[in-house]
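Let's take a friendly walk through a protein model, starting with charged side chains and then turning to strands and helices. Keep the 3D view open as you read.

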Amino acid sequence: MIIDINTLLAWGAVYKKVGRNEVIFSEGAECSYYNQLVTGTVKWVNIDEEGKEYIQTIIEPGECFGELPLFDDGLYAASAIAEEDVILIRLRKTTFLQLIKENNEIHFAFTKLLAKRVRFKFLLLKSIAYHAPEVRISALLNYLKKENRNFCTNCNQLKLTRQQIADMTGLRVETVIRSMRMMHDKGDIVIEKGKVYY
């Protein structure tokens with residue numbers, strides 16, 4: 001968790017319920033709040049003019065999202081959509097900026113988070129340069145596993161769908177299904193009753 005919920009509440013943050021498939025904010029909109037997920041999952045996504053999604057990341061409870069415009073005063077670079085009913089906690093942008101000015105440890109946590117997210121983008125761009133879909137998928141799974149994201153910590157089951165993997169790697173879902181079957185046949189992953197273990 002980036003910021004303790006009690007700290008956020010003390011600074012005036014409020015909870016907000018958002019329904020499944022509801023847009024929390026849209027790409028190109030102005031930023032007014034710091035958002036941190038309490039329950040549920042949120043996809044941070046770019047959608048092209050034909051409606052195809054490219055998932056930047058899946059946000060899990062305790063994580064923040066949409067933080068770039070808090071720091072550069074730009075517009076949102078992607079949309080945030082609730083994948084299920086969610087509860088988030090949000091704090092006005094001006095108050096958030098004051099909070100991090102007065103709390104160096106929180107400011108440092110954001111610097112580290114932003115560096116991790118930039119590193120993740122470099123990793124994905126590098127894997128896209130390789131045309132082999134298995135390389136893209138492996139790079140994504142390796143990163144997520146290392147960061148302990150989107151995996152069941154007890155059983156190593158991947159919590160992403162094939163469609164989400166396709167949307168995160170820029171591949172077609174059919175290509176992901178075929179490639180993951182090949183990866184299973186080579187022993188790189190285990191597919192058991194439709195579930196993927198890595």
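Glutamate 53 is partly exposed, with a relative accessible area of 22%; here buried means under 20% relative accessible area, exposed over 50%, and partly exposed in between, using a 1.4 Å probe and protein chains only. This is a predicted model, in which local features need pLDDT of at least 70 and side-chain atom pairs count only at pLDDT 80 or more, while totals for chains, interfaces and linings use all residues. Residues are numbered from 1 along each chain as its sequence is written, and side-chain values use heavy atoms, with hydrogens and water left out.

Which residue meets glutamate 53 in a salt bridge? The partner is lysine 43, which is buried at a relative accessible area of 12%. A salt bridge is a side-chain nitrogen of Lys or Arg within 4 Å of a carboxyl oxygen of Asp or Glu. Glutamate 53 sits in strand β5 (residues 53-59) and lysine 43 in strand β4 (residues 42-47), 10 residues apart. Helices (H or I, at least four residues) and strands (E, at least two) are DSSP runs, numbered from the N terminus.

The structure holds 8 salt bridges, and the table shows some of them.

| Pair | Closest N to O distance |
|---|---|
| Arginine 149 and glutamate 63 | 2.0 Å |
| Lysine 116 and glutamate 147 | 2.9 Å |

Arginine 149 and glutamate 63 are both buried. Arginine 149 belongs to the loop between α5 (133-146) and α6 (162-169), glutamate 63 to the loop between β5 and β6, and 86 residues separate the two.

Now look at the pair of lysine 116 and glutamate 147.

Strands of a sheet pair through backbone hydrogen bonds, either parallel or antiparallel. In this model, 4 strands form an open sheet with antiparallel pairing, in the order β1-β8-β3-β6; two strands pair if DSSP finds at least two bridges between them. Why is one side of β1 (14-18) and of β6 left without a neighbour in the sheet? Both stand at the edges and each has a single partner strand.

Follow the sheet from β1. This strand is joined to β8 by 5 bridges, with valine 18 partnered by valine 86 of β8. Helix α3 (residues 93-102) packs on the sheet and touches β3 and β8, where contact means heavy atoms within 4.5 Å. Between β3 (residues 33-39) and β8 (residues 86-92) there are 6 bridges, and threonine 39 has isoleucine 87 as its bridge partner. On β6 (residues 64-65), 2 bridges connect to β3, one of the bridge pairs being asparagine 35 and phenylalanine 65. Is β3 mostly covered or mostly open? In β3, 5 of the 7 residues are buried, which leaves the strand mostly covered.Finally, α3 and helix α4 (residues 104-129) pack at an angle of about 110°, with their axes 5 Å apart; axes are lines fitted to C-alpha atoms, for helices over the stretch in contact, and angles run from 0 to 180 degrees between N-to-C directions.
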